[in-house]
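Work through these exercises with the structure open beside you. Try each task before you read its solution.

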Amino acid sequence: MDMDIKRLAKLARLKFTPEEEEKYAAQMANIVAMVEKLPDLDASGPLIDPDNPMEFRKDEVQRNYSRNELIANAPEVQAGCIVVPKTVAE
Amino acid sequence: MDTKGYEIIVGLEVHCELNTKSKIYCSCRNAFGAEVNSQCCPICMGMPGTLPTLNEKVVHYAVKMGYALNCSINPISKQDRKNYFYPDLPKAYQISQFDIPLCENGYLDILVDGQEKRIGVTRIHIEEDAGKLIHDDSFSGTLVDFNRCGVPLIEIVSEPDLRSSAEAKAYLDTIREIVIYLGISDGKMQEGSIRCDINVSVHKPGEPFGTRVEMKNVNTFSGAVRAIEYEAARQIEVLENGGTISQETRRWDDLKNCNFLLRSKEDAQDYRYFPEPDLSTIVLDEETLSELKASIPELPNKKVVRYMKELSIPEEDARLLVESIEKSAYFEEIIAAGKIVPKDASNWVLGGISRVINETGKSIKEIGIPAAHMAQLIEMLEKKEISSSAGNTVFEEMLKSDKAPKDIVKEKGLAQVSDNSVLQAIVDEVAAANQKSIDDYRGGKTNALGFLVGQCMKASKGKGNPAIMREMLLKILEG
Amino acid sequence: MELYRLTAAELSRMIHDKQVSSTEVTKSVFARIAAKEPEIDAYVTLNEEGALKKAAEVDEKIAKGEDLGKLAGIPIGIKDNMCTKGLLTTCSSKMLSNFVPPYNATVIEKLSAQDFVCTGKLNMDEFAMGSSTETSFFKKTKNPFDITRVPGGSSGGSAAAVAAGEAIVALGSDTGGSIRQPASFCGVVGLKPTYGSVSRFGLVAFASSLDQIGPFGRSVEDVAMLYSAICGKDPYDTTSVRREYPRFEENLSADVKGLRIGIPAEYFGEGVTEEVRASVMKAAHEYEKMGAVLVPVTLPKPDYALAAYYIIACAEASSNLARFDGVKYGYRASSYNSLEELYENTRSEGFGDEVKRRIMLGTYVLSSGYYDAYYKKAKFTQNLMQDMFREAFRQADVILSPTAPDTAFKFGENSDDQVKMYMNDILTVTVNIVGLPAISIPCGFDSKGLPIGCQLIGNKFDEQRLLNTAFAYERQIGGFDLSKTLG
């Protein structure tokens, strides 16, 4: 199995020490060996379930939350906004 | 710009905000410019355990656009998660559509210097907008406003069929006119209702396409033009200096009027798309689809061409009429109401009517002149029953009262006199009183004729038919 | 008679007939909690004040002669991954250790409409990832039958609380066995309903396409009653199904004559201990005595199911748990110099090992180049398994198997071997993959005196038949024996 722990950690925004990386690499190898026990079958074609149609929501406005209760759980707040470290604009 | 013999290839990804009442996946108000974080709920703020529910209008609007752009509609489609971390994306994934968009394989005919050109439309899909980051230099951090999270978007992806910034501009203008005609978006640039990502490549004719570079963050159409020209010039320069173009994403900076590298192919994002398990399948039945199809009006790009070809209205006027749904509708009512030359009707709508709109800010409906009355006025002018100056007087009166032009003409006695005996008397009188002018004319001062005609008009209180009186004067002068 | 020992059905009748007040019942349960909680550690958050306030309200309404729901005044414990407005909801994770939702999960709204009394929030494996409740950031819940052993997981707090009398009934959630396996380990009844029959709105997602909320109780009737209260179409969850849901507890019937009970050989084989196999087969023969017929059925190989399960569950989890980034709510790392560091430090410090492992696995199976080989293939395996079950239910009305390969294990016994730990789910995950309902009922004890669970699997939305089948067994053996844990 070729698993680039560093790259995956980066994608998942996780950080590991070199020791942890080794530990995870080993554990992941076992787990992947387990999950590779899938039957041989043709997995082409899209993943879609036409027998399970969705009920749409009507386009109506409902408002029942105040800004204060919505940002009450935020670690850092300023001027009614949630604060993060300066970002390079994208 | 000097393309040094290179051909420029442009493809556009247009993001257009839909003007639904509520957001795409929750019932928050879809409104621009509200107080920060005042249009949010636990769902659009991505709080734990919350689930999306899809707004029916969003699906319908996207399908309408699909029909407008001649797409085939997928009656069974799904939504997918696009995973990436950014503070303006509270769930850390954007709900979008990956392999089965609502609409595919369409096209759009644009008008570039009088010629129609067909631009392929690859796909149209629905997705949610992200929040806004507020960068304030007076403050060490970045502020996040989630109001825009969950504002419904359609993304319209074009084929690389555009060959210049001008064509791109025409394409964008046409898309904008269409969404406004369909009433699915207010198309307000300044509010960011329409934004685009631009793919640009250059190559020598006959050679295969060059490597394409994607430009993000283009928020105005004029910006799009400049961005394309800048990027094309940049690529041409690189190639001319023996360099190569690498597949990368660049960010357009509209203020600095240039772009810079955002990420190269190597660190391209891995979005790990997979079907959104919180939303079941989008299934659209025949009936709904045909209703939506039937609701599509004649589109502006087609209307301009029809006005030009069938009504021989000049392109510029045609565009001006079509720009406004109300003006073009009024124009068509007028020409339907009487046997008149379309160009004359167009002139009144773009002239007198538009003037009143600009002066009073009223809509045509508020101005309240029935199309039939306009037609009647234009007819009288075409038949020379009244002079053009009288025509203006009648129009002014029509603005004040709802009387028919014919009645106004009667009341004010504005009808043009063409009775020869009456006119002859006037002409003889004027001739007798202006021997000097007659001598001048005979002496070669032909402009004396104009003076004499003027005198006749005066004497007839503006009602005499100037053409007839002119003929009568000439008889005397030449006699 | 201690009130906390009674069932919800009994207490409901007594409260409505004014034989006891909700306040008396609630006080009895909190007295029991005070006595047992120090050794059991079932709760992350207790809600005594709110509970007594609510109980008083209910008593007032009863006094006024108001017509209340069956669960009015009944003390119910809630797994800590269901959002409770104004009450800490942690998922037993450091990441949400300070999160107070401004909204209720739909199931909480439904129970509130019946005036239930919320005892508090029950311990679980972190974000429901585990089979022993050992991955909780806060505490290790003990098995009331033997406090040196795990209660199972991930809904270990719910199962232990109900078994120990620290709640009359409780809600749990089941993604791969998280209701049935702890029910089996703690000798109580646990139902994992058909996917789509209970709203997931407000249930902090682990694996959206597999998660399902369900009831724990000491009797089949209690489980039926609680299930009736929470099931139904929810406009806030598009995956919930619109259909007629009966009041299950009112239609309970112990008649199993002619019922075809499927016996899948694969689920009695490798890994299942002799004691468990014998005890579960004994239950099967009890049904025969009652007039049911045992028929052999073929089910998907359990290791296929386990593979598909871990791929799908972890893929969805890696995306569902990405929102925990220290920006909007929950834990935020104390030191960081950039946005990237804020993300990485917060997530590395806020999540435990098992959660990180599953996020990594999920990220891997979705990453470009592996999606088709893992995620997509797993989804197609899921379809294949659904077909096999459709076939099996042509031959059988209900399928019977052990709930878990073995009885409750000791703390730390499996925690350093993930694959061994995942094997605990091998008999339960299949049911989640195919979205069917299944119930675990106690069917005896092993030589260590630990309870053994029998799993009954039903066809889609066939909960009534499933509950009836369980009810018949309960009647036959004269009720489930919790004398050891109820004291």
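**Exercise 1.** Find what share of the residues in chain C is buried.

*Solution.* The model is predicted. Step one: take the cut-off, where buried means under 20% relative accessible area. Step two: apply it to the 487 residues of chain C, and buried residues come to 70%.

**Exercise 2.** Compare the radius of gyration of chain C with that of a compact globule.

*Solution.* Start from the chain length of 487 residues.

**Exercise 3.** Describe the secondary structure and the contacts of chain C.

*Solution.* Count the elements: chain C has 16 helices and 11 strands. Then take contacts between residues at least 6 apart in sequence. Of these, 76% join residues at least 24 apart.

**Exercise 4.** Work out how helix 1 and helix 4 of chain B are oriented to each other.

*Solution.* Two packed helices are described by an angle and a distance between their axes. Helix 1 of chain B covers residues 56-68, and helix 4 of chain B covers residues 286-294. Their angle is about 60°, and their axes lie 9 Å apart. The two helices are therefore oblique to each other. Their crossing is right-handed. Helix 1 of chain B makes the contact through B:H60, B:V63, B:K64 and B:Y67. Helix 4 of chain B contributes B:T288, B:L289, B:L292 and B:K293. Sorted by class, this contact has 4 nonpolar, 2 polar and 2 charged residues.

Conventions:
Residues are numbered from 1 along each chain as its sequence is written. Chains are lettered from A and ligands numbered from 1 in the order in which they are written. This is a predicted model: local features need pLDDT of at least 70, side-chain atom pairs count only at pLDDT 80 or more; totals for chains, interfaces and linings use all residues. Side-chain values use heavy atoms; hydrogens and water are left out. Axes are lines fitted to C-alpha atoms, for helices over the stretch in contact, and angles run from 0 to 180 degrees between N-to-C directions. Helices (H or I, at least four residues) and strands (E, at least two) are DSSP runs, numbered from the N terminus. Angles under 35 degrees count as roughly parallel, over 145 as roughly antiparallel, 65 to 115 as roughly perpendicular and the rest as oblique. A crossing is left-handed if the near helix is turned anticlockwise from the far one by less than a right angle, and right-handed if clockwise. Contact means heavy atoms within 4.5 Å. Ala, Val, Leu, Ile, Met, Phe, Trp, Tyr, Cys and Pro count as nonpolar, Asp, Glu, Lys and Arg as charged, and the others, Gly among them, as polar. The radius of gyration is taken over C-alpha atoms; the globule rule is 2.2 Å times the number of residues to the power 0.38. Buried means under 20% relative accessible area, exposed over 50%, partly exposed in between (1.4 Å probe, protein chains only).
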